[in-house]
Amino acid sequence: MVGAGLTVHQILSLGLIPRVGNATCPGNVTLQLCQFSEMWYAVFLWALLSTVFIYVPAGLLAFVMLRHHKYGRFMSLGILAGILGPITAAVLTSAAIAGVYRAATKQMVPHEALVLGVGQVFFVVAIAFLRILATL
């Protein structure tokens, strides 16, 4: 469950609206994420969007380049199906990040959610490239 008034558009625009009656934010701060669900949702949403931004074009490029190959055209489906692993990792690491913030009673600014969400995907892609290079 996401905090009242918190939508996908507000998170992606990095602006939040006042949440009336939110006891977890002192003084009803409007530009910070205070609850666990808000922090998790914001970090996960940025990780999800950046993952889709990387994997979908890669799958489409593989399909276009291998469309005439007898078996190669099905490899692009593997790339698109490979998006499930990074999304599952994003769910877990976003929950861990939100849990640490909540346990430390620290509030998260929406820009921090952007950096943490995109940063997760950057490290997943970097590790994927390093694994491939190690096999060469």
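Mentor: The discussion below sets computed values against the definitions behind the terms. Please bear in mind that this is a predicted model.

Trainee: How do you know how confident the predictor is in the protein chain?

Mentor: The average pLDDT of the protein chain is 79, and 74% of the residues score at least 70. Confidence is lowest in helix α1 (residues 8–12), with a mean of 67, and highest in α4, with 91.

Trainee: What makes up the pattern of the protein chain, read along the sequence?

Mentor: The pattern is α-α-α-α-α, as the chain has 5 helices and 0 strands. Of its contacts with a separation of 6 or more, 65% are accounted for by residues 24 or more positions apart.

Trainee: Which residues form the largest nonpolar core, and what makes a set of residues a core?

Mentor: The largest one has 10 residues: L33, M39, A42, V43, W46, I97, A98, Y101, M108 and A113. Two or more residues each come from α2 (36–65) and α4 (84–103), and α2 gives the most, with 4 residues. Another core, of 8 residues, lies apart from it; A47, I83, I87 and V121 are among them. In soluble globular proteins, nonpolar side chains tend to be buried together.

Trainee: Why is the pair of K106 and E112 called a salt bridge?

Mentor: The closest N and O atoms of K106 and E112 are 3.6 Å apart. The cut-off is 4 Å, so the pair qualifies as a salt bridge. The structure holds 1 salt bridge. Side chains of opposite charge can pair when their charged atoms come close.

Trainee: What makes K106 and E112 partly exposed?

Mentor: The relative accessible area is 42% for K106 and 21% for E112.

Trainee: Why is the pair of W40 and F44 called stacked?

Mentor: Their ring centres are 5.3 Å apart and their planes meet at 5°. Centres must lie within 6.5 Å and planes under 30 degrees apart, so the pair is stacked. W40 and F44 are 4 residues apart in helix α2, which means that about one helical turn separates them. W40 is partly exposed, at 24% relative accessibility, whereas F44 is buried, at 13%.

Trainee: What makes the pair of F122 and F123 edge-to-face?

Mentor: The distance is 5.5 Å centre to centre, with 70° between the planes. An angle over 60 degrees counts as edge-to-face, so the name applies to F122 and F123. F122 is exposed, and F123 is exposed as well. A search of the whole structure finds 2 aromatic pairs.

Key:
Residues are numbered from 1 along each chain as its sequence is written. This is a predicted model: local features need pLDDT of at least 70, side-chain atom pairs count only at pLDDT 80 or more; totals for chains, interfaces and linings use all residues. Side-chain values use heavy atoms; hydrogens and water are left out. A nonpolar core is a set of buried Ala, Val, Leu, Ile, Met, Phe, Trp, Tyr and Cys residues joined through side-chain atoms within 4.5 Å. Buried means under 20% relative accessible area, exposed over 50%, partly exposed in between (1.4 Å probe, protein chains only). A salt bridge is a side-chain nitrogen of Lys or Arg within 4 Å of a carboxyl oxygen of Asp or Glu. Contact means heavy atoms within 4.5 Å. Rings of Phe, Tyr and Trp (its six-membered ring) pair if their centres lie within 6.5 Å; planes under 30 degrees apart count as stacked, over 60 as edge-to-face and the rest as tilted. pLDDT is the predictor's confidence in each residue, from 0 to 100.
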